[in-house]
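Work through the exercises below with the sequence and the model open side by side. Each task is followed by a solution in steps.

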Amino acid sequence: MEKHLKPILALNGTITVPGDKSISHRAVMFGSIADGQTTINGFLTGEDCLSTISCFKKLGVHIQQDGEKVTVEGKGLAGLNPSSEDLYVGNSGTTIRLMLGILANTPFTSTLTGDDSIAKRPMNRVTQPLMQMGALIDGNDSGNKVPLQIQGGRTKGIQYTSPIASAQVKSAIILAGLEGEGITSVKEPVKSRDHTERMLEAFGVKVENDGLTVSVEGGQKLTGTHIEVPGDISSAAFFIVAGAIVPNSEITLKKVGLNPTRTGILDVLEAMGADVSYENVNHDASEPYGDLLIKTSSLKGTTIKGDLIPRLIDEIPIIALAATQAEGQTIIQDAHELRVKETDRIKTVVNELKKMGADIEATEDGMIINGKTPLHGASVQSYGDHRIGMMLSIASCIAEGETTLTNSEAIAVSYPTFFEQLKTLAN
Ligand code: S3P
C-alpha cells in the first residue's frame, strides 16, 4: 500500500496507545501453558500478536479474542497437542523464539515458519542453547533459519552465558527450563527487558534474579491469572518524538508502560532537552505505567551507547529522526543488534532518512547524525518493517512537501491504529 503524507502544522490532544507487544505475546503464551483460565485486558491486536494466538490455537489451546479482551483456556504444558499444520509466525521474532523454548519440552515434532523477514533472521541464538538442553532441532543453515523442526522432550537445565543482551534468548531458555530437570539460569552481558520474569511471577512461578542472572527451577507449574497490558512505550515513542519535533504541539499519552528495562528513550529525550512530564504513575503494578505529556522542544545531540542500548533498541529508528532535529551531533553505538531486526535497521534508517535530506551516516554498530537539518518530502519505503514505516510517517509531518511511503501496510504488525491516532492528534 502507498500512502501520500503531507506536513502537519501541530499535534494536539490525548490518545491511548495500543497494548504492549512483548507483554501481549507473553500473556497468550503463558496462559496457554498454565493450568486454568487466563484473562487478558488491553491485548495488542497487531499482526504479530495475532500470529501468537494462531500458533497456540494450532497446538490445541482454546483462545477467544474479542478486540483487546482475550480469554485463554490453559491446559498446562502437557496439554499441548501436535499441530497438523506448520506453525506460521508471520513477521514475529518474539513468537518464534519464545515458542521454540516452550516446544523444547513437548514430546512431538513441530515445524515453524515465517515470512521473508523471519527467513533471514538468525535463530541459532536460541536453537543452540535449546539443543544443549536436549531439544532436537533441525532447519535451514544447520538450524539457524526457518523452516525449523523441533522435537521436544524432557530437557536438562543449563547455566547459560548469553553473548547478547536479548530478552527473546533469555525467555526461550527460561521457558524451556521450567519443565526441565534441575535449575536453568541465563546470564546476560547487559540486562534486557524483564517482562518474562515479571509475568512468570504473576503466574505463580518462582524466578530468581541475581544481577544479570535469572534462574528457575524445573518442574514448576503456571496457574492461570488476569493480565492487564499497559500501552506499548515502543509505539508511544513515535508520538513522544512527534510531540517534541512538530511545532506547536502538546500531546498526552495515557497509560504507557514504564517498565525501567524499556524506558531508555525517556532518558535519552531528557538528555536531549525534550519537554516530557509524567502524571498518574503507578510504580506498584507488576508492570509500571503512567501518562506522558510531551510538548514541542528544542533538542540537542547526545551519545547513546552501552547499557542503554537494550533499554531502547526498538526505539532507535525514531530516536534517529529526533536527532536530525537536534542541534549538534548524535552518536549511536554498540547497537549491532539493529542489523538483525525486522530489517537491517542501520541500513534502512540511514537510506530512507538520507532521501529526506538528513545528515546521517551508518557505522558498523550504529549511526552518526548531525543536526539540525530541514527535511523534505521524498519517495520512501518501509522495506516491510513496521517501525521504519512509522518513523518515516512522523518524518513526513515535519518535511516540506509530500512524502510517498510504500509498504505502509507493515505498520499493522504492531500499531494497526497508527494513522487514525495520528489524524486524531493532527485535527
Ligand atoms: C522482544 C525483545 C527484543 C525486541 C523485540 C521484542 C521481546 O528483541 O527487539 O521487539 O518481546 O522479548 P531481542 O530479544 O532480539 O533483543
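**Exercise 1. Charges over rings, and ring pairs**

Solution. A charge sits over a ring if NZ of Lys or CZ of Arg is within 6 Å of the ring centre and within 35 degrees of the ring normal. The model is predicted: local features need pLDDT of at least 70, side-chain atom pairs count only at pLDDT 80 or more, and totals for chains, interfaces and linings use all residues. Residues are numbered from 1 along each chain as its sequence is written, and side-chain values use heavy atoms, with hydrogens and water left out.

Step 1: a search of the whole structure gives six aromatic pairs. In the pair Phe418 and Phe419, the ring centres are 5.1 Å apart and the planes stand at 75 degrees, so this pair is edge-to-face. Rings of Phe, Tyr and Trp (its six-membered ring) pair if their centres lie within 6.5 Å; planes under 30 degrees apart count as stacked, over 60 as edge-to-face and the rest as tilted.

Step 2: Phe418 counts as buried because its relative accessibility is 0%; buried means under 20% relative accessible area, exposed over 50%, and partly exposed in between (1.4 Å probe, protein chains only).

Step 3: Tyr289 also has a charge over its ring, since the charged end of Lys255 sits there, 4.8 Å from the centre.

**Exercise 2. The annotated position**

Task: where does UniProt place the feature "active site", and is that residue buried or exposed?

Solution. Step 1: the unreviewed UniProt entry puts the feature at Asp314. UniProt positions are given in the numbering used here, feature names are shortened, and annotations may be inferred rather than shown by experiment.

Step 1: Asp314 is in the loop between strand 19 (303-304) and helix 11 (316-324). Helices (H or I, at least four residues) and strands (E, at least two) are DSSP runs, numbered from the N terminus.

Step 2: Asp314 counts as buried because its relative accessibility is 11%.

Step 3: leaving out residues up to four places away in sequence, Asp314 touches Arg193, Ser234, Lys341, Arg345 and Arg387, where contact means heavy atoms within 4.5 Å. With one of these, Arg193, the Asp314 side chain makes a side-chain polar contact of 3.3 Å. A polar contact is a pair of N or O atoms within 3.5 Å; within protein, one must be able to donate a hydrogen and the other to accept it, and residues adjacent in sequence count only if both atoms are side-chain atoms.

**Exercise 3. Helix 13 and Glu342**

Task: how many residues of helix 13 are buried, and which side chain does Glu342 meet in a polar contact?

Solution. Step 1: helix 13 spans residues 386-398, and twelve of its 13 residues are buried. Among them are His386, Arg387 and Cys397.

Step 1: at the start of helix 13, a side-chain oxygen of Asp385 comes within 3.1 Å of the backbone nitrogen of Arg387.

Step 2: Glu342 lies in the loop between strand 20 (326-332) and helix 12 (345-355), and its 11% relative accessibility makes Glu342 buried. The side chains of Glu342 and His386 form a polar contact of 2.9 Å. Beyond four places in sequence, Glu342 touches Asn91, Ser117, Arg121, Asp385 and His386.

**Exercise 4. Domains and backbone**

Solution. Step 1: domain 1 covers 2-17 + 230-426 and domain 2 covers 21-228, with bounds from an automatic or database domain assignment. The contact between them takes 25 residues from domain 1 and 23 residues from domain 2. Their C-alpha centres lie 29 Å apart.

Step 1: the bond from Val146 to Pro147 is cis, with omega near -5 degrees; Pro147 lies in strand 9 (residues 145-151). Another cis peptide bond joins Gly371 and Lys372, with omega about 5 degrees.
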